Amino acid sequence: MRRLMLLRHAKTEHDAPSGRDRDRRLDNRGRNDAEEIGGWIGRHPPFPDSVLVSHAVRAHQTWEIAWEAMKDLVPEPRVEVLPELYGANPSQLLQTIRDASAADPRRLLLVGHNPGMHELALALAGSGDAAGRKALGDNLPTSGLAVFDFAVDDWADVAFRRGRLVLFVTPKLLKQTSGD
């Protein structure tokens, strides 16, 4: 069994001072949401063994803030910053996931961007939480987390439509349920 967690970066400023999209930083809401989703991950095992983060400033900040919120609750994962996650389409993201076979984590977290992350989540979901699949169909919002289980022993065997959506959670959904 392999568990894949897809986390979209948190809410950002509209424009970076440099003018480059990859330099956009988190805004106040984004920092709060990243902390909230990180705390939620820290309270809901199993935790990621390995984290792959886009090199964009907003993705890196999302991970750093989320990690700060969970670090006292979970073992420290192996973290890699991968430029290829920035702007990646679902096929490229799937290849990155399959390449995780080299390190062979049981649980993998990707921190990246739409539209690729949302399209990947939709393509992976073959079964699982019906309400989550319906909500995910609309959008993978900023700080949205989609968690999939795959009945495989190797990341190289992960494929579209083979994932079981375990849960889909966002800071907005957490506020609505407020029991978590």
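Analyst: One criterion is needed at the outset: a residue is buried if its relative accessible area is under 20%, exposed if that area is over 50%, and partly exposed in between. The model under discussion is a predicted one.

User: Why is Ser143 called buried?

Analyst: The relative accessible area of Ser143 is 0%. The limit for a buried residue is under 20%, and Ser143 is therefore classed as buried. Ser143 is located in the loop between α5 (130-138) and β6 (145-150).

User: How do you know whether Arg161 is buried or exposed?

Analyst: For Arg161 the relative accessible area is 53%. The exposed class begins over 50%, so Arg161 is exposed. Arg161 belongs to the loop between β6 and β7 (163-169).

User: What makes the contact between Arg2 and Asp104 a salt bridge?

Analyst: The N to O distance between the two side chains is 2.7 Å. A salt bridge requires a side-chain nitrogen of Lys or Arg within 4 Å of a carboxyl oxygen of Asp or Glu. The pair of Arg2 and Asp104 therefore qualifies. Arg2 in strand β1 (residues 2-8) and Asp104 in the loop between α3 (90-98) and β4 (107-112) are 102 residues apart, and the pair links distant parts of the chain.

User: Which accessibility classes do Arg2 and Asp104 fall into?

Analyst: Arg2 has 2% relative accessibility and is thus buried, the limit being under 20%. Asp104 has a relative accessible area of 39% and is partly exposed.

User: How do you know that Asp21 and Arg58 form a salt bridge?

Analyst: Their closest N and O atoms are 2.9 Å apart, and the cut-off is within 4 Å; the pair is therefore a salt bridge. This pair, too, links distant parts of the chain: Asp21 is in the loop between β1 and α1 (28-43), Arg58 is in helix α2 (residues 57-70), and 37 residues separate them. Asp21, at 32% relative accessibility, is partly exposed, whereas Arg58, at 5%, is buried.

User: How many salt bridges does the structure hold, and which residues are linked in a network?

Analyst: The structure holds 13 salt bridges. The network joins Arg29, Asp33, Glu36 and Lys175.

User: How many aromatic pairs are counted, and what makes the pair of Trp63 and Trp67 stacked?

Analyst: The count is 2 aromatic pairs. The ring centres of Trp63 and Trp67 are 5.8 Å apart and their planes are at 25°. Pairing needs centres within 6.5 Å, and stacking needs planes under 30 degrees apart; the pair is therefore stacked. Trp63 and Trp67 are 4 residues apart in helix α2, which means a separation of about one helical turn. Trp63, at 3% relative accessible area, is buried, and so is Trp67, at 13%.

User: Why is the pair of Phe148 and Phe150 called tilted?

Analyst: Phe148 and Phe150 lie 6.4 Å centre to centre, with 35° between the planes. Planes under 30 degrees apart would be stacked and over 60 edge-to-face, so the remaining class, tilted, applies. Phe148 and Phe150 are both buried.

Terms used. Residues are numbered from 1 along each chain as its sequence is written. This is a predicted model: local features need pLDDT of at least 70, side-chain atom pairs count only at pLDDT 80 or more; totals for chains, interfaces and linings use all residues. Side-chain values use heavy atoms; hydrogens and water are left out. Helices (H or I, at least four residues) and strands (E, at least two) are DSSP runs, numbered from the N terminus. Buried means under 20% relative accessible area, exposed over 50%, partly exposed in between (1.4 Å probe, protein chains only). Rings of Phe, Tyr and Trp (its six-membered ring) pair if their centres lie within 6.5 Å; planes under 30 degrees apart count as stacked, over 60 as edge-to-face and the rest as tilted.
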